[in-house]
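Here is a short briefing for a first look at this structure.

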Amino acid sequence: MQLNLKNNSPQEAATAYFLLGDIYLYGISKGRPKYEEALYYYEEAHNQSFGAASLRLAIMYEDGLGIVPADKQRIAELYENAGCTGYASACLLLGEMYQAHASVPQDYERAIALYEKAAARKNSEALSNLGMLHYAGIGVPKDYVKAAKLLEEAAAQSHPPSQVSLGAMLHEGIGIFRDYKRAAELFEKAAAVEHPGGQYYLGLMYQRGTWVPQDYRKALELIEKAAAQGLAEAKNYLGLLYEKGELVPQDSNKALEYYEEAAAQGEADAQFNLGVSYMMGKGMSQDYTKAAELFAEAAKQGLATAQFNLGVMYRLGQGVPQDNKKALELFEEAAAQGVAIAQFNVGMMYMLGEGGPPDDNKAIKLFRKAVFQGEAAAVNALGWMYELGRGVEKDEGKAVSYYKKAANQNCACGILNLAYCLEHGIGIAVDTMRAADLYASIDDATKLEWRQARGLENSTASS
């Protein structure tokens, strides 16, 4: 069917073509869609620069509706045309294509410009996307305050994902004053429309009794609802609950099922937890190779604990080829995120010259960072550096003070080093009886490793 609209203005003709396209797309006339006819009329309206028709065409191409094969480049062009004629949803969808590298080159600057154009028209999805980009610092400088403002505007439009994201920021006091009451209200609104994120975070608040009354039954019910909707974060958390026997009976097999489901969805924490299960042989046969693969997947996503564990496996050659250089790189990534034990390990590798040339100055800086966080092994390591005068001026008295601090934190090497100083009068008066007591408090295997590190393998001392 083709209409003769020669006597109509271009705008009138375009409107008529568009309306006919809608009639055929939605099956208004005969009760079933006719995609071929819809495509024809939308194309006619699009040729008259009718933005709504360009948007409809793009969606039909993207969803594979009609007999014409989807053309990814054409989709981008149609969204562009619709956006230029004032359609916020077209700007949003094209922005998402540029952000996700979907048939167009990834271009965050272009994506942000499009989101801003749609956000100016109060499009809640665009406001939410912009907010999350500012939160993560992707394509723009990280700005929690701006992120909170954008999410606030989207949440005010009853946009559930923004309600959840803003609620999380209010709960943690990120970019906005901490407000548990308001966070709970936002989570409740999202949960009321079955949004899994709202269900999950509200469930956590009920479990912990944060603002809302503590209610384990309700907490578990909400978290299970979120997991049933496919929320990987909720599945991972259920895995933890079953592993520890919290809120539910302890069940290792159930825990592994949830970890596996969440890990398959790319949830970094679940990949890490499943990796630990393989590494330790918890509920399954020990498999270092599988553990390393899972840690690697989580490490790619920036999970510091996974970076650290994978670094340990490279240093020991467990499940991966032994590679100190790779281990050092991974430890450094975790250390940069503030993981104290990683900072200590990087310091040790610089001190020992493993994975690169020795660098006592870098080692000292990293030990101090770890000490600031209370890492006992780093306290002991600083004592060692002062005892030997490596990277710092030699000071045996200061070395002993660090050994004492490490010993008070039950660090075995700190106890043994303090005992050695007491035995030999290094930086402290000789006290062989106290030294003997300290030596006796440590097991023989640890003492052997310590003697080897001090070069005392052949020593006949009381140690």
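A disulfide is a pair of cysteine sulfur atoms within 2.5 Å. By that test, a search of the whole structure finds 0 disulfides. This is a predicted model, in which local features need pLDDT of at least 70, side-chain atom pairs count only at pLDDT 80 or more, and totals for chains, interfaces and linings use all residues. Residues are numbered from 1 along each chain as its sequence is written, and side-chain values use heavy atoms, with hydrogens and water left out.

**Cysteines**

- Cys413 is in no disulfide; the nearest cysteine sulfur belongs to Cys411, 5.5 Å away.
- Cys413 is partly exposed, at a relative accessible area of 33%. Buried means under 20% relative accessible area, exposed means over 50%, and partly exposed lies in between (1.4 Å probe, protein chains only).
- Cys421 is in no disulfide either, and its nearest cysteine sulfur, that of Cys413, is 13 Å away.
- Cys421 is buried, with a relative accessible area of 0%.

**Helix 12 and helix 13**

- Helices (H or I, at least four residues) are DSSP runs, numbered from the N terminus.
- Helix 12 (residues 216–228) packs on helix 13 (residues 232–244) at an angle of about 130°, and the axes are 8 Å apart. Axes are lines fitted to C-alpha atoms over the stretch in contact, and angles run from 0 to 180 degrees between N-to-C directions.
- The two helices are therefore oblique to each other. Angles under 35 degrees count as roughly parallel, over 145 as roughly antiparallel, 65 to 115 as roughly perpendicular and the rest as oblique.
- Contact means heavy atoms within 4.5 Å. Helix 12 contributes residues including Leu220 and Ile223, and helix 13 contributes residues including Tyr237 and Leu238.

**Helix 21 and helix 22**

- Helix 21 (residues 376–388) and helix 22 (residues 396–408) pack at about 165°, with axes 8 Å apart.
- Helix 21 and helix 22 are therefore roughly antiparallel to each other.
- Among the residues in this contact are Trp384 and Tyr386 of helix 21, and Tyr402 and Tyr403 of helix 22.

**Positive phi**

- Most residues other than glycine have a negative phi.
- Ser49 has a positive phi, near 60°. Ser49 sits in the loop between helix 2 (35–47) and helix 3 (51–63).
- Trp211 also has a positive phi, near 70°. Trp211 lies in the loop between helix 11 (196–208) and helix 12.
- Trp211 is exposed, with a relative accessible area of 55%.
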